[in-house]
Amino acid sequence: MFIKSLKLNNFRNYDKLNISLNPNMNIFIGSNGSGKTNILESIVLLAITKSHRYGSLEDFIKFGKVKSKISCKIKDESIIKELSLDIDKDKKNFYVNKTLVRKLSSYISNLDIISFTPDDLLIIKSSPNIRRNTLNIQLSQLSNKYLNTLNEYNRLLKNRNEYLKMMLTNSISDKSYFDVLTFKLVEKACIIYKLRKEYIDKINLNINSIFKELTGSSGLSINYITNVNIDNFDDETIKNSLLKTYKSNYYRELNNGMTLFGPHRDDFSFLLNDNNLKVFGSEGQQRIAVISFKLSEIDLFENECGTKPVLLFDDVFSELDLKKRNRLLKYINHDIQSIITTTDLKNINKRYIDNANIYEVINGNVIGK
């Protein structure tokens with residue numbers, strides 16, 4: 001899979017942009033604030049319907065304009081599709097081949113991406129919520145079953161929490177419907193736990209070898225952490241563990257008015273030689289660990305979806321020494337599309353970028369070099 005072309009109209013700092021992309025490497029060079037990150041953001045929006053940056057819908061629209069449009073043509077095997085997004089201050093509308101898609105779960109996976117931004121260091125440094133969100137985004141691209149199950153789980157979780165609050169205030173005394181909600185929640189939780197565990201196991205097949213190729217060191221792995229004691233990730237064990245946990249903590253959850261256990265409280269950690277990188281790792285080690293984690297997903301997309309994703313690297317060279325920059329370029333310099341932003345290419349080994357499309361970005365204008 002690769003992006004053939006990208007069009008932006010009144011998006012962020014762009015009036016109009018229409019560029020063709022190399023099916024392999026594409027590099028956008030520009031100073032900070034020139035608009036190179038906006039190009040990657042538009043692709044993220046087209047792929048997963050949400051931006052990796054915070055802000056309102058109005059922030060996507062160029063100042064002084066009332067709406068924005070982005071679109072791209074992608075080629076997957078012999079199939080060419082056009083994805084497009086219309087944005088105004090109140091809503092986003094997504095289209096596939098000019099046909100409106102009303103259900104976002106039916107839209108996601110038309111364009112598979114793996115993205116890295118400087119903020120992705122928060123995957124290690126920040127709260128479990130950031131890591132759960134990372135799991136959800138990537139698994140939703142890989143598995144429509146996961147996406148649909150997660151949506152159903154969140155709906156049941158909201159209903160169960162509301163019912164707990166109503167029982168807490170004595171506005172409802174019947175517990176039978178609450179038990180039905182709990183059982184249905186457990187059914188969905190079993191699927192989520194299993195898919196997350198399988199995902200982490202598959203990541204661990206590749207992450208250490210990639211980390212070693214980029215750094216020369218080894219020992220990197222991912223540890224999946226559940227807040228329910230699960231000895232074995234088969235359906236019956238997960239189901240019994242959750243039901244037992246809910247039963248023994250009924251009054252605790254009732255007093256809190258919320259569901260305290262389940263996959264919505266999951267976490268995972270990065271370990272280097274069994275030491276938690278959040279506590280013991282340098283920022284350089286953390287950066288390469290996250291990049292290795294992202295690159296480990298390439299095989300998952302190939303095996304699960306039958307296609308290679310598009311790699312998006314925003315300012316990936318910052319804080320990497322020259323040796324690691326060249327090792328990263330060497331690793332991705334093969335049959336996969338990559339779109340990279342950087343402020344310069346000083347001292348980069350030219351053999352890794354000989355066949356790349358290189359663009360200069362200056363205040364919302366893109367010039368091929």
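This briefing covers the aromatic contacts, pockets and cysteines of the structure above. The model is predicted, so local features need pLDDT of at least 70 and side-chain atom pairs count only at pLDDT 80 or more, while totals for chains, interfaces and linings use all residues. Residues are numbered from 1 along each chain as its sequence is written, and side-chain values use heavy atoms, with hydrogens and water left out.

**Aromatic rings and charges**

- The structure has 10 aromatic pairs, where rings of Phe, Tyr and Trp (its six-membered ring) pair if their centres lie within 6.5 Å, and planes under 30 degrees apart count as stacked, over 60 as edge-to-face and the rest as tilted.
- Y250 is buried at 15% relative accessibility, whereas Y251 is exposed at 60% (buried means under 20% relative accessible area, exposed over 50%, partly exposed in between, with a 1.4 Å probe and protein chains only).
- The charged end of K175 sits over the ring of Y250, 4.9 Å from its centre, and R160 lies over the face of Y246 at 4.4 Å from the ring centre; the criterion is NZ of Lys or CZ of Arg within 6 Å of the ring centre and within 35 degrees of the ring normal.

**Pockets**

- The largest pocket has a volume of about 1100 Å³; a pocket is an open set of points on a 1 Å grid over the protein atoms alone, where a 1.4 Å probe fits, with protein on both sides within 12 Å along at least five of seven lines, and lining residues have an atom within 4 Å of a point.
- Its lining comprises 39 residues, of which I48, K50, N133, T134 and I137 lie nearest the centre, and by class there are 15 nonpolar, 16 polar and eight charged residues.
- The largest share of that lining, 10 residues, comes from α5.
- The second largest pocket has a volume of about 220 Å³ and is lined by 13 residues, with M1, F2, T307, K308 and D335 nearest its centre.

**Cysteines**

- The structure holds zero disulfides, a disulfide being a pair of cysteine sulfur atoms within 2.5 Å.
- The sulfur of C72 is too far from any other for a bond, because the closest cysteine sulfur, in C305, is 17 Å away.
- C72 is buried with a relative accessible area of 3%, and C190 is likewise buried, at 7% relative accessibility.

Methods: Points joined across faces, edges and corners; volume = space filled by probe spheres on them. Helix = DSSP H or I, 4+ residues; strand = E, 2+ residues; numbered from the N terminus. Nonpolar A, V, L, I, M, F, W, Y, C, P; charged D, E, K, R; others polar.
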